[in-house]
Amino acid sequence: MNRRHPIALALAGGGPFGAIYEIGALAALEESLDGLDLNNLDCYVGVSAGSFMAAALANGVTVSEMYRLFIAGEKGEDAIAPALFTRPALREFLRAALDWRIPTGLFDNESIHRYLQAVFARKGRTNDFRELPRRLFVVATDLDSGQSVSFGRPGHDHVPISRAVQASAALPGLFPPVEIDGRHYVDGALKKTLHASEALDDGAKLVLCVNPIVPYDASLAAQKGRARHARLIDGGLPVVLSQAFRAIIHSRMAAGLAKYRTHYRGADVVLFQPEADDTEIFFTRIFSYASRARVCEHAYERTRRDLVRRRAELEPIFERHGIRMRHAVLADARRGLHMRRPGAPRDRLNAAARELREALVDLRHQVARM
């Protein structure tokens with residue numbers, strides 16, 4: 001792929017909901033940006049649920065494959081079952097009972113490691129950071145020191161990718177801490193939300209960031225007629241806790257982005273995230289699977305709208321890095337994630353014809369600009 005500068009992708013967490021949202025957002029970015037191959041970037045950074053996505057993309061797993069196996073529910077050797085994340089931590093319960101202590105987690109995250117270990121053992125993939133053709137950094141938090149650790153860096157690159165992802169996604173209270181080389185690790189989002197600085201320190205000049213978790217603005221939603229509650233307190237404890245969690249996560253990310261603009265003046269950091277008045281996103285439980293197809297489609301459409309709305313801001317940035325916006329794709333209101341499911345030969349022929357028409361429209365647009 002011809003481009004001028006190193007390009008990276010940084011993905012934040014947010015539980016299974018975060019991964020679902022990121023699949024939809026990444027699908028929209030990949031089909032709407034010419035010159036962007038999400039499996040052929042220079043660097044990937046993943047935190048918590050985002051580490052699943054980053055590790056998969058760095059290993060050549062496409063967004064379409066992830067959609068079919070996780071969202072569309074298609075069967076196959078790599079299919080992701082929701083039960084993967086909700087198996088009781090029976091071994092931890094037994095240890096806690098024998099030690100007369102409270103369990104450190106409710107669900108078994110060892111199954112996450114085993115699943116990814118099997119997926120990355122497939123031909124053409126690897127579970128070794130050092131064997132990847134591109135750089136991957138998976139961030140977790142050292143439980144005893146409170147410091148962030150970037151697996152994939154020298155000194156931490158011998159750890160299997162699957163084990164690093166397990167550690168990065170070990171949300172305290174839900175999953176037990178993960179022991180690696182005698183140290184215990186938990187969720188990488190405890191210190192920072194995105195850790196995009198991992199890519200910037202590695203020399204990336206464009207970092208595309210996806211953050212699924214934003215605080216909700218009930219007043220703004222009410223002005224637009226979208227509010228489910230006039231006051232969030234009316235939603236009870238789950239809604240209050242969700243808002244508190246989102247506010248903490250987002251405030252740290254905003255501070256980090258401001259710092260990036262100061263410390264990395266030669267680089268561009270572009271963030272994609274839900275709008276503050278997005279009722280659909282806020283009232284979907286972070287650990288819900290039932291609505292995954294709806295949330296993924298919503299993220300896809302929301303990211304497409306974001307690209308159109310921010311066109312004047314984003315187009316010059318993308319062009320500096322050899323990326324062009326596909327205006328015909330963005331203008332096609334018929335597009336949807338359902339088009340990513342394998343169809344009959346006639347469907348594939350129609351898709352090819354549609355792509356040819358879109359390419360001609362984009363060509364005319366570029367000629368007109370010139």
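Tutor: This predicted model holds 1 cavity of 30 Å³ or more. A cavity here is a set of points, on a 1 Å grid over the protein atoms alone, where a 1.4 Å probe fits but cannot get out; grid points are joined across faces, edges and corners, and the volume is the space filled by probe spheres set on them. The largest cavity has a volume of about 40 Å³. Its lining, meaning residues with an atom within 4 Å of a point, consists of V214, P215, Y216, R246, E275, A276, D278, I281 and F282. By class, 6 of these are nonpolar, none is polar and 3 are charged (Asp, Glu, Lys and Arg count as charged).

Local features need pLDDT of at least 70 and side-chain atom pairs pLDDT 80 or more, while totals for chains, interfaces and linings use all residues. Residues are numbered from 1 along each chain as its sequence is written, and side-chain values use heavy atoms, without hydrogens and water.

The structure holds 23 salt bridges, each a side-chain nitrogen of Lys or Arg within 4 Å of a carboxyl oxygen of Asp or Glu. In one of them, E92 meets R95 at 3.9 Å, N to O. These two lie 3 residues apart in helix α4 (residues 90–99; a DSSP run of H or I, at least four residues), so about one helical turn separates them. E92 is buried at 7% relative accessibility, whereas R95 is partly exposed at 42% (buried is under 20%, exposed over 50%, partly exposed in between; 1.4 Å probe, protein chains only). Elsewhere, salt bridges with shared partners join E275, R302, D306, R309, R310 and E313 into one network; E275 is also one of the residues lining the largest cavity.

Terms used. On a 1 Å grid over the protein atoms alone, a cavity is a set of points where a 1.4 Å probe fits but cannot get out, and a pocket is an open set with protein on both sides within 12 Å along at least five of seven lines; lining residues have an atom within 4 Å of a point.
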